[in-house]
Amino acid sequence: MKTTMKKVFALLFALVFVMAFAACNNTPADDPSVKSEGVMTHDEYIAAAIDDEVVIEAYVQAKQSWWDNKATIYAQDADGAYFIYNVACSEEDYAKLEKGAKIKVTGYKADFSGEIEIADGTFELLEGNYVAPIFDVTSLLGTEDLIKHQNEYVAFKGMTVEPAAEGSDAAFLYKWDGSGQDGDDLYFNVSLNGTTYTFTVESYLCDNTTDVYAAVKNLKVGDVIDMEGFLYWYAGVNPHITAVTVK
(Lines give C-alpha, C1' and ligand atoms only; values in the text may rest on other atoms or scores of the structure.)
Protein backbone atom coordinates (compact mmCIF):
# COMPACT_ATOMS: atom_id res chain seq x y z
CA MET A 1 0.00 0.00 0.00
CA LYS A 2 2.81 2.43 0.96
CA THR A 3 4.62 1.67 -2.31
CA THR A 4 1.44 2.35 -4.32
CA MET A 5 0.86 5.68 -2.56
CA LYS A 6 4.47 6.70 -3.18
CA LYS A 7 4.01 5.99 -6.89
CA VAL A 8 0.79 8.07 -6.96
CA PHE A 9 2.50 11.00 -5.24
CA ALA A 10 5.47 10.71 -7.58
CA LEU A 11 3.18 10.81 -10.62
CA LEU A 12 1.26 13.78 -9.25
CA PHE A 13 4.49 15.65 -8.53
CA ALA A 14 5.76 14.95 -12.03
CA LEU A 15 2.46 16.17 -13.54
CA VAL A 16 2.50 19.40 -11.52
CA PHE A 17 6.13 20.01 -12.52
CA VAL A 18 5.36 19.53 -16.21
CA MET A 19 2.35 21.85 -16.04
CA ALA A 20 4.33 24.53 -14.20
CA PHE A 21 7.15 24.28 -16.73
CA ALA A 22 4.72 24.59 -19.63
CA ALA A 23 3.06 27.61 -18.03
CA CYS A 24 6.40 29.36 -17.56
CA ASN A 25 7.33 28.79 -21.19
CA ASN A 26 3.96 29.59 -22.74
CA THR A 27 3.67 33.00 -24.38
CA PRO A 28 0.24 34.45 -23.56
CA ALA A 29 -1.97 35.80 -26.35
CA ASP A 30 -1.32 39.49 -26.99
CA ASP A 31 -3.96 41.83 -25.58
CA PRO A 32 -4.73 44.46 -28.24
CA SER A 33 -6.33 46.76 -25.64
CA VAL A 34 -3.17 47.11 -23.52
CA LYS A 35 -0.84 50.02 -24.34
CA SER A 36 2.76 50.62 -23.36
CA GLU A 37 3.72 53.65 -21.29
CA GLY A 38 3.46 56.87 -23.29
CA VAL A 39 1.26 55.31 -25.99
CA MET A 40 -2.18 56.76 -26.73
CA THR A 41 -5.42 54.86 -26.48
CA HIS A 42 -7.59 55.03 -29.58
CA ASP A 43 -9.87 57.54 -27.82
CA GLU A 44 -6.88 59.76 -27.04
CA TYR A 45 -5.76 59.52 -30.65
CA ILE A 46 -9.20 60.58 -31.90
CA ALA A 47 -9.28 63.47 -29.41
CA ALA A 48 -5.87 64.79 -30.53
CA ALA A 49 -5.86 67.88 -32.71
CA ILE A 50 -4.84 67.83 -36.35
CA ASP A 51 -1.06 68.31 -36.67
CA ASP A 52 -0.47 67.04 -33.11
CA GLU A 53 2.25 64.45 -32.65
CA VAL A 54 0.68 61.07 -31.91
CA VAL A 55 2.11 57.78 -30.66
CA ILE A 56 0.06 54.62 -31.16
CA GLU A 57 0.43 50.86 -30.99
CA ALA A 58 -1.63 48.78 -33.38
CA TYR A 59 -1.58 45.70 -35.56
CA VAL A 60 -1.14 45.57 -39.33
CA GLN A 61 -4.32 44.47 -41.08
CA ALA A 62 -3.15 45.17 -44.62
CA LYS A 63 -0.31 46.84 -46.49
CA GLN A 64 -1.38 49.21 -49.24
CA SER A 65 1.92 50.20 -50.79
CA TRP A 66 5.65 50.74 -50.48
CA TRP A 67 7.60 53.29 -52.48
CA ASP A 68 10.78 55.30 -51.96
CA ASN A 69 11.28 53.89 -48.45
CA LYS A 70 7.77 54.83 -47.35
CA ALA A 71 4.87 52.51 -46.54
CA THR A 72 1.11 52.97 -46.28
CA ILE A 73 -0.63 50.63 -43.85
CA TYR A 74 -4.07 49.83 -42.46
CA ALA A 75 -3.78 49.00 -38.76
CA GLN A 76 -6.16 48.25 -35.92
CA ASP A 77 -6.32 47.55 -32.19
CA ALA A 78 -9.19 46.38 -30.00
CA ASP A 79 -10.82 49.82 -29.97
CA GLY A 80 -10.43 51.24 -33.45
CA ALA A 81 -8.37 51.61 -36.59
CA TYR A 82 -5.61 53.76 -38.05
CA PHE A 83 -4.53 54.69 -41.57
CA ILE A 84 -0.78 55.14 -41.54
CA TYR A 85 0.33 57.09 -44.60
CA ASN A 86 3.88 57.16 -45.94
CA VAL A 87 5.61 56.02 -42.77
CA ALA A 88 9.38 55.73 -43.10
CA CYS A 89 10.09 52.09 -43.90
CA SER A 90 12.86 50.17 -45.62
CA GLU A 91 11.93 47.53 -48.17
CA GLU A 92 13.38 44.91 -45.82
CA ASP A 93 11.17 46.06 -42.94
CA TYR A 94 8.13 46.28 -45.23
CA ALA A 95 8.48 42.57 -45.91
CA LYS A 96 8.23 41.92 -42.16
CA LEU A 97 4.89 43.69 -41.85
CA GLU A 98 2.72 40.62 -42.14
CA LYS A 99 -0.98 40.69 -41.28
CA GLY A 100 -1.35 40.81 -37.50
CA ALA A 101 2.14 42.20 -36.83
CA LYS A 102 2.33 44.66 -33.92
CA ILE A 103 3.86 48.08 -34.55
CA LYS A 104 4.46 51.29 -32.63
CA VAL A 105 4.05 54.40 -34.77
CA THR A 106 5.09 57.97 -34.00
CA GLY A 107 3.86 60.63 -36.41
CA TYR A 108 1.48 63.54 -36.91
CA LYS A 109 -2.29 63.42 -37.08
CA ALA A 110 -3.55 64.63 -40.46
CA ASP A 111 -6.87 65.17 -42.22
CA PHE A 112 -7.07 64.41 -45.94
CA SER A 113 -10.58 65.41 -47.07
CA GLY A 114 -12.11 63.76 -44.02
CA GLU A 115 -9.76 60.78 -43.91
CA ILE A 116 -7.96 60.90 -40.56
CA GLU A 117 -4.47 59.48 -40.85
CA ILE A 118 -1.00 59.41 -39.34
CA ALA A 119 1.53 61.09 -41.62
CA ASP A 120 5.29 61.76 -41.63
CA GLY A 121 5.83 58.93 -39.17
CA THR A 122 8.33 56.33 -38.09
CA PHE A 123 7.61 52.89 -36.70
CA GLU A 124 9.14 50.00 -34.82
CA LEU A 125 8.13 46.36 -34.97
CA LEU A 126 7.07 44.87 -31.61
CA GLU A 127 6.32 41.41 -30.28
CA GLY A 128 2.65 40.54 -30.61
CA ASN A 129 0.00 39.50 -33.08
CA TYR A 130 -3.68 40.34 -33.55
CA VAL A 131 -6.09 40.11 -36.47
CA ALA A 132 -9.23 42.16 -35.94
CA PRO A 133 -12.62 40.52 -36.52
CA ILE A 134 -14.67 41.92 -39.35
CA PHE A 135 -17.48 44.28 -38.31
CA ASP A 136 -20.73 44.55 -40.27
CA VAL A 137 -21.55 48.24 -40.80
CA THR A 138 -24.42 47.81 -43.26
CA SER A 139 -26.98 49.13 -40.79
CA LEU A 140 -24.79 52.16 -40.04
CA LEU A 141 -24.70 53.45 -43.63
CA GLY A 142 -26.22 56.92 -43.71
CA THR A 143 -25.85 57.43 -39.95
CA GLU A 144 -23.50 59.60 -37.89
CA ASP A 145 -22.15 56.49 -36.18
CA LEU A 146 -20.52 55.14 -39.35
CA ILE A 147 -17.49 57.43 -39.14
CA LYS A 148 -16.69 56.04 -35.68
CA HIS A 149 -15.49 52.93 -37.52
CA GLN A 150 -13.29 54.78 -40.01
CA ASN A 151 -10.45 52.60 -41.38
CA GLU A 152 -11.73 49.41 -39.71
CA TYR A 153 -12.07 46.17 -41.65
CA VAL A 154 -15.81 45.99 -42.27
CA ALA A 155 -18.56 44.19 -44.15
CA PHE A 156 -21.43 45.50 -46.28
CA LYS A 157 -24.24 43.10 -47.08
CA GLY A 158 -27.12 42.97 -49.54
CA MET A 159 -26.26 46.09 -51.56
CA THR A 160 -27.39 46.64 -55.14
CA VAL A 161 -25.04 47.59 -57.98
CA GLU A 162 -26.08 50.85 -59.68
CA PRO A 163 -24.85 52.44 -62.94
CA ALA A 164 -21.35 53.79 -62.56
CA ALA A 165 -22.34 56.98 -64.35
CA GLU A 166 -25.64 58.64 -65.17
CA GLY A 167 -27.14 57.28 -68.37
CA SER A 168 -24.66 54.39 -68.53
CA ASP A 169 -25.23 50.66 -68.18
CA ALA A 170 -21.60 50.11 -67.07
CA ALA A 171 -21.18 48.84 -63.52
CA PHE A 172 -17.72 50.36 -62.90
CA LEU A 173 -15.29 53.03 -64.05
CA TYR A 174 -11.51 53.06 -64.36
CA LYS A 175 -10.64 56.02 -62.08
CA TRP A 176 -13.38 58.20 -60.61
CA ASP A 177 -14.18 59.85 -63.95
CA GLY A 178 -13.70 56.91 -66.29
CA SER A 179 -10.47 58.30 -67.73
CA GLY A 180 -8.30 55.37 -66.67
CA GLN A 181 -7.49 51.91 -67.94
CA ASP A 182 -7.02 48.37 -66.68
CA GLY A 183 -4.75 48.50 -63.64
CA ASP A 184 -6.12 51.80 -62.33
CA ASP A 185 -8.50 52.15 -59.39
CA LEU A 186 -12.03 50.85 -59.97
CA TYR A 187 -15.00 52.96 -58.91
CA PHE A 188 -18.49 51.54 -58.65
CA ASN A 189 -21.82 52.57 -57.16
CA VAL A 190 -23.97 50.51 -54.82
CA SER A 191 -27.22 51.37 -53.10
CA LEU A 192 -29.10 50.50 -49.94
CA ASN A 193 -32.58 51.68 -49.00
CA GLY A 194 -32.65 54.21 -51.82
CA THR A 195 -29.27 55.82 -51.10
CA THR A 196 -26.30 55.34 -53.44
CA TYR A 197 -22.67 55.16 -52.31
CA THR A 198 -19.42 55.08 -54.27
CA PHE A 199 -16.98 52.29 -53.39
CA THR A 200 -13.45 51.75 -54.68
CA VAL A 201 -11.03 48.97 -55.43
CA GLU A 202 -7.76 50.76 -54.62
CA SER A 203 -5.24 49.43 -57.14
CA TYR A 204 -2.25 49.76 -54.80
CA LEU A 205 -4.06 47.62 -52.25
CA CYS A 206 -5.75 45.19 -54.68
CA ASP A 207 -4.27 45.34 -58.17
CA ASN A 208 -5.65 43.90 -61.41
CA THR A 209 -4.33 40.42 -60.60
CA THR A 210 -6.58 40.06 -57.52
CA ASP A 211 -9.92 38.28 -57.24
CA VAL A 212 -11.74 41.41 -56.12
CA TYR A 213 -10.51 43.43 -59.10
CA ALA A 214 -11.82 40.74 -61.46
CA ALA A 215 -15.08 40.44 -59.51
CA VAL A 216 -15.86 44.15 -59.83
CA LYS A 217 -15.06 44.11 -63.56
CA ASN A 218 -17.63 41.32 -63.93
CA LEU A 219 -20.41 43.09 -62.03
CA LYS A 220 -23.69 43.94 -63.72
CA VAL A 221 -26.10 46.70 -62.81
CA GLY A 222 -28.76 45.17 -60.58
CA ASP A 223 -26.49 42.56 -58.97
CA VAL A 224 -26.95 42.22 -55.23
CA ILE A 225 -23.60 41.84 -53.52
CA ASP A 226 -21.85 41.39 -50.18
CA MET A 227 -18.52 43.15 -49.69
CA GLU A 228 -15.56 43.41 -47.34
CA GLY A 229 -12.97 46.13 -47.11
CA PHE A 230 -11.50 49.04 -45.18
CA LEU A 231 -13.74 51.95 -44.24
CA TYR A 232 -11.72 54.64 -45.94
CA TRP A 233 -13.09 58.17 -46.09
CA TYR A 234 -12.76 60.80 -48.81
CA ALA A 235 -15.23 63.69 -48.67
CA GLY A 236 -17.59 61.07 -47.23
CA VAL A 237 -17.57 57.31 -47.00
CA ASN A 238 -15.42 55.75 -49.74
CA PRO A 239 -14.53 52.18 -48.69
CA HIS A 240 -11.54 50.40 -50.16
CA ILE A 241 -13.08 47.04 -51.07
CA THR A 242 -11.05 43.83 -50.84
CA ALA A 243 -13.72 41.14 -51.48
CA VAL A 244 -16.99 40.99 -53.42
CA THR A 245 -19.53 38.17 -53.54
CA VAL A 246 -22.54 38.21 -55.84
CA LYS A 247 -25.58 36.77 -54.09
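On a 1 Å grid over the protein atoms alone, a pocket is an open set of points with protein on both sides within 12 Å along at least five of seven lines, and its lining residues have an atom within 4 Å of a point. The structure examined here is a predicted model, in which local features need pLDDT of at least 70 and side-chain atom pairs count only at pLDDT 80 or more, while totals for chains, interfaces and linings use all residues. Residues are numbered from 1 along each chain as its sequence is written, and side-chain values use heavy atoms, with hydrogens and water left out.

The largest pocket has a volume of about 420 Å³, a volume being the space filled by probe spheres set on grid points that are joined across faces, edges and corners. Sixteen residues line the largest pocket, and Phe112, Asp185, Glu202, Tyr232 and His240 lie nearest its centre. By class, this lining comprises eight nonpolar, five polar and three charged residues; Ala, Val, Leu, Ile, Met, Phe, Trp, Tyr, Cys and Pro count as nonpolar, Asp, Glu, Lys and Arg as charged, and the others, Gly among them, as polar.

The second largest pocket holds about 280 Å³ of space. Its lining consists of 16 residues, with His42, Ile46, Ile147, Lys148 and Gln150 closest to the centre. Helix 2 supplies the largest share of the lining of the second largest pocket, four residues. Five nonpolar, six polar and five charged residues make up the lining of this second largest pocket.

The chain as a whole contains four helices and twelve strands, assigned as DSSP runs (helices: H or I, at least four residues; strands: E, at least two) and numbered from the N terminus. Of its 247 residues, 43% are buried, where buried means under 20% relative accessible area, exposed over 50% and partly exposed in between, with a 1.4 Å probe and protein chains only. The accessible surface of the chain comes to about 13,700 Å², of which 53% belongs to carbon and sulfur atoms, as given by the Shrake-Rupley method with a 1.4 Å probe. Among contacts (heavy atoms within 4.5 Å) between residues at least 6 apart in sequence, 58% join residues at least 24 apart.

Side chains of opposite charge can pair when their charged atoms come close. Four salt bridges are present in the structure, each defined by a side-chain nitrogen of Lys or Arg within 4 Å of a carboxyl oxygen of Asp or Glu. In one of them, the closest N and O atoms of Lys35 and Asp77 are 2.7 Å apart. This pair links distant parts of the chain, 42 residues apart: Lys35 is in the loop between helix 1 (2-25) and helix 2 (42-47), and Asp77 in the loop between strand 2 (70-76) and strand 3 (81-88). Lys35 is buried at a relative accessible area of 19%, and Asp77 is buried at 1%.

Asp145 forms a salt bridge with Lys148, with 2.8 Å between the closest N and O atoms. Asp145 is partly exposed at 36%, whereas Lys148 is exposed at 58%. A further salt bridge joins Asp182 to Lys217, the closest N and O atoms being 2.9 Å apart. Asp182 lies in the loop between strand 8 (173-174) and strand 9 (186-192) and Lys217 in helix 4 (residues 211-217), so the pair ties together parts 35 residues apart in sequence. Asp182 is partly exposed at 40% relative accessibility, and Lys217 is partly exposed at 33%.

Conventions
On a 1 Å grid over the protein atoms alone, a cavity is a set of points where a 1.4 Å probe fits but cannot get out, and a pocket is an open set with protein on both sides within 12 Å along at least five of seven lines; lining residues have an atom within 4 Å of a point.
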